[in-house]
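Please look over the structure below before reading the notes. They are written as a short briefing.

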Amino acid sequence: MSSSELSYTVIPGGRLAGRLRVPGDKSISHRSIMFGALAEGLTTVEGFLTGEDCLCTMKAFQAMGVRIERPAETSLRIHGVGLHGLQSPREPLDLGNSGTSMRLMAGLLSGQHFTSNLVGDASLSRRPMKRIIAPLEQMGARIESNEGKAPLNILPHRNLKAISYHSPVASAQIKSGILLAGLYAQGKTEVFEPEASRDHTERMLRAFGVKVEARAGYAALEGGQSLKATAIQVPADISSAAFFMVGAAIVPGSEIVLSDVGVNPTRTGIIDVLRLMGADIRLENERRFGDEPVADIRVRGGGLRGVRIGKELVAASIDEFPIIFIAAAFAQGETVVEGAEELRVKESDRIQSMCDGLRALGVAAQALPDGMRVMGGRMRGGTVDSRGDHRIAMSFAIAALRAEQPIRILDCANVNTSFPGFAALARAAGLGIREA
Ligand code: S3P
């Protein structure tokens, strides 16, 4: 079925209940493949996300000669080839919808002795790659692109040089791409960011035995360090859990527990935002999976209030704004989000997609250059176009819990990029969702 053919119809009413385990973290799953492939020895991964984005990363490394076994649905055995063991792929590496794959791999492929060609789907081919090409070129990489967009042609190189890079945007994809190129460079590669972006790369490289200097807004490593295989347990993805957190928070009488969720402080902005809005959220059973903090998250439904969300909360909740706008639509009063212009260059322009969808359902929303103004109140039913953006599709599905009539959401197949089994899990939790 092509992306535009799958739609959801969601009947209003109902409330969420029970204990749920959403699939593995997307950022950590991508990195487990990449670092496992570059390590020496056998890396095992449990709880791997089998979404299409991570499968693209897996296939790309298999195409470069890395043996990866899948003894169970979400378990992997990665036979690492070492920093210099990748082989030239015979065909272009198709990275589908995945910006993380393209930007991180652009970095690590910049240091290889072969040419690689990175391609993606229509959405990925529209997204800005200059932000990663420019610093890599400063390191000496040679990258051909379609005016700063995919496809990327990365030419062979052996002597990258370390740089000290001040990134204009807080982006873990840029930071990580540079650090991975830095493994192949001579000297110390440093990245400074205006705000702290997610730090999974720094944590996981350390688990692989790499010395990394890291603090909020800064990361650095010396080139030439080898990675030693390790065992990785992937937490449940807080960005997937967020849909159910908001679903429970907006419906009085709901109560859910989300198990094993990654609560790395660079990712927990959604918890801060929902608490600001007055939601009842508790972390239970706090523990660690390796270097990553994990907890069970209990959410009870109640009334939310509108809030102001500024730049300081954006990086730690960057993927959660579509569902935050839904929370805002049911909150009392106005919510204003500012400093979130990055939303315009995600899988779709998430400010425009969400604003158009909310207005189609009768919600008073106004797009701002760097955010949105949403007036909480009632939501009618109707049809919205997800524009092939997984998080837009799931956000409007959850919104239907409190809508007055059914909501039909078009173009939903890309939900599989990050959350395979979303509709079935949502149905089990109490959402009246049908796929067609
Ligand atoms: C990701 C970083 C974020 C996020 C994306 C995953 C990562 O992108 O939106 O879904 O795994 O590094 P940016 O770094 O561009 O903000």
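This is a predicted model: local features need pLDDT of at least 70, side-chain atom pairs count only at pLDDT 80 or more; totals for chains, interfaces and linings use all residues.

Residues are numbered from 1 along each chain as its sequence is written, and side-chain values use heavy atoms, with hydrogens and water left out.

**The shell around the ligand**

- The residues around the ligand are K26, S27, R31, T100, S171, A172, Q173, R198, I318, D319 and K346 (a residue counts if one of its heavy atoms lies within 4 Å of the ligand).
- By class, this shell has five charged, four polar and two nonpolar residues (Asp, Glu, Lys and Arg count as charged; Ala, Val, Leu, Ile, Met, Phe, Trp, Tyr, Cys and Pro as nonpolar; the others, Gly among them, as polar).
- Helices α1 (26-38) and α6 (172-182) each supply at least two residues of the shell (helices are DSSP runs of H or I with at least four residues, and strands are runs of E with at least two, numbered from the N terminus).
- The largest share, three residues, comes from α1.
- Domain 1 (3-24 + 235-435) and domain 2 (26-233) each give at least three residues to the shell (the bounds come from an automatic or database domain assignment).

**Polar contacts and burial**

- A polar side-chain atom of D319 lies 2.6 Å from an oxygen atom of the ligand (a polar contact is a pair of N or O atoms within 3.5 Å).
- An N or O atom in the side chain of R31 is 2.7 Å from a ligand oxygen atom.
- For Q173, a polar backbone atom is 2.9 Å from an oxygen atom of the ligand.
- The ligand taken alone exposes 380 Å², and the protein buries 96% of that (areas come from the Shrake-Rupley method with a 1.4 Å probe).

**Backbone features**

- Most residues other than glycine have a negative phi, and most peptide bonds are trans.
- A150 and P151 are joined by a cis peptide bond, with omega about 0°.
- P151 lies in strand β9 (residues 149-154).
- E147, a residue other than glycine, has a positive phi near 50°.
- E147 is placed in the loop between β8 (143-146) and β9.

Conventions: A polar contact is a pair of N or O atoms within 3.5 Å; within protein, one must be able to donate a hydrogen and the other to accept it, and residues adjacent in sequence count only if both atoms are side-chain atoms.
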